[in-house]
Amino acid sequence: RNMATGASTADLAVVLVDARKGLLTQTHRHSYIVSLLGIRHVVLAVNKMDLVDFDEAVFARIATDYRALARRLGIPEVTCIPLSALEGDNLSSRSTRTPWYNGPALLEHLEQVQVDAQEGGGSLRLPVQWVNRPHQNFRGYAGTLAAGEVKPGDEVIVLPSARRSRVSHVLDAEGDVASAAAGQAVTLTLADEIDISRGDVIAAAGDPPEVADQFAAHLLWMSDAPLLPGRPYWLKIGTRTVAASISEIKHRVDVNTQEHLAVKRLELNEVGYCNLGLEEPVAFMPYAQNHALGGFILIDRLTNVTVGAGMIVEGLAAKAVAGQYSEFEIELNALVRQHFPHWQALAIGKE
């Protein structure tokens, strides 16, 4: 769970290996989590080379084994570096005790490596963090752009309600700006007064994300108490928090072999592939496309402790692409969700 927490915001991971022991279970587990979280760049730091007499064959064997593991996990960029932290060999500068190694020192590599932005491209995605109402003549929707760009005049759709409008103003901390891009904290004002709350997503009208109340997701369990299907939790995705439960554990992943094992529960630090059901539909994207709208945490409803971290793979039954429904269907779905929340409201328009 500590590895997942740190890796969730990283662009590069350093996997440390003892030259005497080679790849261990922990190496496999951490590398699997790295691949699950979409990190494309890994440095294999083979430490304690002084205890194996800086033997090139030992390093080559470990590097070969790890590259094979990385290929199985889908990690595209691996740099292997022999180290001895005792006296700083290949740590900040290249060591004379490894004349057979022609690559960079660890710090040299970290300073020069080019990492690709994992997300930010594509169409506008703004999870609303706060509705700003300083007075009756101003209503702004504040948040950090999860993807795309926005400028005044852009046509947008608000999810999950599917209401449409146009952007009137884009503001940052200094005031009005001509445009904003992914990663910037902004406030948007719209041409129409729309009921928008924290947790809604403002998106490009021509390319909206999906909306669903059921998902298939990879789930890393982070609690000492086991995960049992059917138990209620809070699910936090982006700025939205909704009631949720695990409807089915499809399988557990053996971190050593990536074998899929049939289980009825997940224990601490285990990774499973699960189906989840939410009490309300939410806007989402697969985690591989956007971390902000595809990653979530599960929270214990009694203790408020974070018990799991998940990555959405796809939406399941009752999924819908916003914009495919008429105004009448949107109104009807809203009424159904209000009075019959256990119904699959988003499917009603097409059934």
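Threonine 187 is placed in strand β12, where strands (E, at least two residues) and helices (H or I, at least four residues) are DSSP runs numbered from the N terminus. At 15% relative accessibility threonine 187 counts as buried, a word that stands here for under 20% relative accessible area, with exposed for over 50% and partly exposed for what falls in between (1.4 Å probe, protein chains only). Apart from neighbours within four places in sequence, threonine 187 is in contact with Phe138, Gly140, Tyr141, Ala142, His169, Val170 and Leu171, contact meaning heavy atoms within 4.5 Å.

The model is predicted, so that local features need pLDDT of at least 70 and side-chain atom pairs count only at pLDDT 80 or more, while totals for chains, interfaces and linings use all residues. Residues are numbered from 1 along each chain as its sequence is written, and side-chain values use heavy atoms, with hydrogens and water left out.

Glutamine 184 is found in the loop between β11 (180-181) and β12 (185-190), and at 33% relative accessibility it counts as partly exposed.

Another part of the chain holds an open sheet of three strands in the order β1-β2-β3, with parallel pairing, where two strands pair if DSSP finds at least two bridges between them. Strands β1 (12-18) and β3 stand at the edges with a single partner strand each, so one side of each is left without a neighbour in the sheet. From one strand to the next the twist averages 20°, angles running from 0 to 180 degrees between N-to-C directions of axes, which are lines fitted to C-alpha atoms, for helices over the stretch in contact. Strand β2 (residues 41-47) is joined to β3 by six bridges, the two running parallel, and histidine 41 has glutamate 77 as its bridge partner in β3. Helix α3 packs on this sheet and touches β1, β2 and β3, its direction making about 160° with that of β3.

Rings of Phe, Tyr and Trp (its six-membered ring) pair if their centres lie within 6.5 Å, and planes under 30 degrees apart count as stacked, over 60 as edge-to-face and the rest as tilted. By this rule the count comes to four aromatic pairs. One of them is the tilted pair of phenylalanine 59 and tryptophan 100, at 5.6 Å centre to centre and with 40° between the planes. Phenylalanine 59 lies in helix α3 (residues 56-73) and tryptophan 100 in the loop between β3 (77-82) and α4 (106-112), so this pair ties together parts that are 41 residues apart in sequence. Phenylalanine 59 counts as buried at 9% relative accessibility, whereas tryptophan 100 counts as partly exposed at 21%. The rings of tryptophan 221 and tyrosine 233 have centres 5.9 Å apart and planes at 75°, so this pair is edge-to-face. It links distant parts of the chain, with tryptophan 221 in strand β14 (residues 210-221) and tyrosine 233 in strand β15 (residues 232-237), twelve residues apart. Tryptophan 221 is buried, with a relative accessible area of 1%, and tyrosine 233 counts as buried at 1% relative accessibility. Ring pairs also link Phe59, Trp100 and Tyr101 into a cluster.

Tyrosine 233 leads on to strand β19, in which its bridge partner is aspartate 300. Five bridges join β15 to β19, and these strands run antiparallel. Strand β19 (residues 295-300) is mostly covered, five of its six residues being buried.

As for confidence, the protein has a mean pLDDT of 88, and 89% of its residues reach 70 or more, pLDDT being the predictor's confidence in each residue, from 0 to 100. Over residues 318-324 pLDDT stays under 50, and for these the model has 22 contacts beyond four places in sequence; over residues 344-351 pLDDT likewise stays under 50, with 21 such contacts.
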